[in-house]
Amino acid sequence: MILAWLHALYNWTMAKAAHRQAPYWLAFFCFIESSFFPIPPHPLLGLMCLAEPKKALRFATIATVASVLGGLLGYAIGFFLYETLGEWMLGVLGLTESFPVAACYIREQGAAAVFLAAGTPIPFKLMTITAGLIEMDLLTFLGAAIAGRALIFMVVGILFQVFGAPIKRVIDEYLGTVTTIFVVLVVAGFIAITQFGGSEESGSDNRCDSVTSMEEL
């Protein structure tokens, strides 16, 4: 019953992903996800690439550009509007406790920290807002954001461009397994951000792991 419902939902989403307006929706979700929207755009990109593998690189490019532009919005929120908007947004997203840690890592590791967040399950919006608040060099931020977002999105585009049809057949046949893997990756993302926030029990020697407030920086 659940598997049948899952297949129905999959087919419905695939139909939407193949719609002629789908690239605009992809750009929109990638843009807002980089600054405040909680849902990642990666599943939509994957579905669109599955629906039209020959356009996978185009979709990946759209996702990369829109996400970086959204990252600039997140940077602007942190730089200009943190006290009036940014702090509230991080609270709603459940990222308040991770914020001082993110600030510490950006100050100590610079572009590497932003690149890591841009190319991994760590919420990118956390790093964009944080980078703006601590006034990270804008060009450095932009370069790291482009590199990280291009890595995570363009790899998907290239894979689907080259192996689109076989990948689609595997997902059609093993949707339940693929969904389980996706859920595991999402959970891994939450674990990553939890570890990124750190705790005294973690035993980490990195001082950023134990930072709990901006005053400690």
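A residue counts as buried when its relative accessible area is under 20%. By that cut-off F141, at 0%, is buried. Keep that residue in mind; I will come back to it. One caution before going on: this is a predicted model.

I'll start with the aromatic rings. Searching the whole structure turns up six aromatic pairs. Take Y75 and F79. Their ring centres are 6.2 Å apart and the planes sit at 10°, so this pair is stacked. Both residues belong to helix α4, which covers residues 56–80. They are four residues apart, about one turn of the helix.

How exposed or buried are the two partners? Y75 has a relative accessible area of 9%, so it is buried. F79 comes out at 38%, and that makes it partly exposed.

Y75 has another partner, and this is where F141 returns. The rings of Y75 and F141 are 5.1 Å apart, centre to centre, with 40° between the planes, and the pair is tilted. Y75 is in helix α4, while F141 is in helix α9, residues 138–173. The two parts are 66 residues apart in sequence, so the pair ties them together. Taking the ring pairs together, Y75, F79, F80 and F141 are linked into a cluster.

Next, a backbone point. Most residues other than glycine have a negative phi. E135 is not a glycine, yet it has a positive phi of about 60°. Where is E135 placed? It lies in the loop between α8, residues 124–133, and α9. Its relative accessibility is 57%, so E135 is exposed.

Last, a pair of packed helices. Two such helices are described by the angle between their axes and the distance between the axes. Here the pair is α2, residues 22–33, and α3, residues 42–51. Their axes come within 10 Å and cross at roughly 160°. An angle over 145 degrees counts as roughly antiparallel, and α2 and α3 are therefore roughly antiparallel to each other. The crossing is left-handed.

Which residues make the contact? On the α2 side there are A22, P23, W25, L26 and F29, and they meet L44, L45 and M48 of α3. Sorted by class, this contact has eight nonpolar residues, no polar ones and no charged ones.

To recap: ring pairs join Y75, F79, F80 and F141 in a cluster, E135 carries a positive phi in a loop, and α2 and α3 pack roughly antiparallel.

Terms used:
Residues are numbered from 1 along each chain as its sequence is written. This is a predicted model: local features need pLDDT of at least 70, side-chain atom pairs count only at pLDDT 80 or more; totals for chains, interfaces and linings use all residues. Side-chain values use heavy atoms; hydrogens and water are left out. Rings of Phe, Tyr and Trp (its six-membered ring) pair if their centres lie within 6.5 Å; planes under 30 degrees apart count as stacked, over 60 as edge-to-face and the rest as tilted. Buried means under 20% relative accessible area, exposed over 50%, partly exposed in between (1.4 Å probe, protein chains only). Axes are lines fitted to C-alpha atoms, for helices over the stretch in contact, and angles run from 0 to 180 degrees between N-to-C directions. Angles under 35 degrees count as roughly parallel, over 145 as roughly antiparallel, 65 to 115 as roughly perpendicular and the rest as oblique. A crossing is left-handed if the near helix is turned anticlockwise from the far one by less than a right angle, and right-handed if clockwise. Contact means heavy atoms within 4.5 Å. Ala, Val, Leu, Ile, Met, Phe, Trp, Tyr, Cys and Pro count as nonpolar, Asp, Glu, Lys and Arg as charged, and the others, Gly among them, as polar.
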